[in-house]
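Biologist: I would like to learn how to read a fold like this one with some care. Could we start with the sheet and then move on to a helix and the ligand?

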Amino acid sequence: MNDPLDIISGSTELLDRIAPLWEQQRDYHASVNATWARTMRAITFPKRRDELVSSVRSPADFRVHIALVDGVDVGYAISIVPPNNAGVIESLFVREDLRGRRIGERLLHAAIAWLRDERKTSKITLSVLIGNDAALRFYERHGFAARTTQMQLLDG
Ligand SMILES: CC(C)(COP(=O)(O)OP(=O)(O)OC[C@H]1O[C@@H](n2cnc3c(N)ncnc32)[C@H](O)[C@@H]1OP(=O)(O)O)[C@@H](O)C(=O)NCCC(=O)NCCS
């Protein structure tokens, strides 16, 4: 790939900037899982942003990495350190037309470097939606292994 790729990072102040990409991520997730599609489409960015921000004690426990190609935001990773110090990669996304060029890999490495090397988290976990098999393979190739299947009451 010859695209000049930059990765920038910051804390919660970068969240609003990734809103358009987050909406593409939400729609992608809704498209791969019919069971939860309606629930997911009903989530708005402001609601999700508030959930994310309230999951940490302070902005120091929150990291957003944004990938830029030719100065345009094309992907992001959100990493958090909750009070139990177990690192979580909350979200990872690359614009559909730019996938397969290792942008996701760069973002994942940046997220892991922050959680493991900088914040010394006790472990790193992430969730993959049932039906998102491409992401499952992507994470397995990068050293993750599925451990549990989380279930949620449909009308709860
Ligand atoms: C998962 C995701 C972040 C990976 O980003 P990416 O920039 O495509 O990742 P990479 O280029 O580093 O490598 C990903 C793999 O993509 C695959 N790939 C190649 N072209 C692709 C394309 N056009 N679309 C999707 N995947 C492609 C390749 O199999 C590659 O695997 P390899 O390592 O065997 O070559 C991205 O596909 C994405 O945003 N998916 C939708 C959202 C999502 O599932 N997020 C993760 C769950 S929260």
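Modeller: Two strands are said to pair if DSSP finds at least two bridges between them, and with that in hand we can look at this predicted model. Leu68 stands opposite Asp73 in strand 3, and this pair belongs to a set of 8 bridges that join strand 2 (residues 62–69) to strand 3 in an antiparallel arrangement.

Biologist: What lies between strand 2 and strand 3 in the hairpin that they form?

Modeller: There are 2 residues between them, and Asp70 in that turn has a positive phi of about 50 degrees. On its other flank, strand 3 is joined to strand 4 (residues 87–94) by 6 bridges, again antiparallel, with Tyr76 opposite Phe93 in strand 4. The hairpin of strand 3 and strand 4 has 6 residues between them, and there Asn85 has a positive phi of about 65 degrees.

Biologist: In which order do the strands form the sheet?

Modeller: In general, strands of a sheet pair through backbone hydrogen bonds, either parallel or antiparallel. Here 5 strands form an open sheet in the order 1-2-3-4-5, with mixed pairing. Strand 1 (5–10) and strand 5 (124–125) each have a single partner strand and stand at the edges, so one side of each is left without a neighbour in the sheet. Strand 4 and strand 5 run parallel and are joined by 2 bridges, Val88 having Thr125 in strand 5 as its bridge partner. As for strand 3 (residues 72–80), 7 of its 9 residues are buried.

Biologist: Which residues of helix 1 are buried?

Modeller: A residue counts as buried if 20 or more other C-beta atoms lie within 10 Å of its own, and in helix 1 this holds for Trp22, Gln25 and His29. They cover an arc of only 55 degrees around the axis, which means that they sit on the same side of helix 1. The face turned away from that buried side carries the exposed residues Pro20 and Asp27, while the cover over the buried residues includes helix 2 (37–41), helix 3 (45–54) and strand 4.

Biologist: Which residues come nearest to the ligand?

Modeller: Of the 19 residues around the ligand, those that come nearest are Arg99, Gly100, Gly104, Glu105 and Ala135. Helix 1, strand 4, helix 4 (103–118) and helix 5 (133–141) each supply at least two residues of the shell, which by class has 9 nonpolar, 5 polar and 5 charged residues.

Definitions and conventions. Residues are numbered from 1 along each chain as its sequence is written. This is a predicted model: local features need pLDDT of at least 70, side-chain atom pairs count only at pLDDT 80 or more; totals for chains, interfaces and linings use all residues. A residue is buried if 20 or more other C-beta atoms lie within 10 Å of its own, exposed if 12 or fewer, and partly exposed in between; C-beta atoms are placed from the backbone. Helices (H or I, at least four residues) and strands (E, at least two) are DSSP runs, numbered from the N terminus. The arc is that of the directions from the helix axis to the C-beta atoms. Two residues are in contact if their C-beta atoms, placed from the backbone, lie within 7 Å. A residue is near a molecule or strand if its C-beta atom, placed from the backbone, lies within 6 Å of it. Ala, Val, Leu, Ile, Met, Phe, Trp, Tyr, Cys and Pro count as nonpolar, Asp, Glu, Lys and Arg as charged, and the others, Gly among them, as polar.
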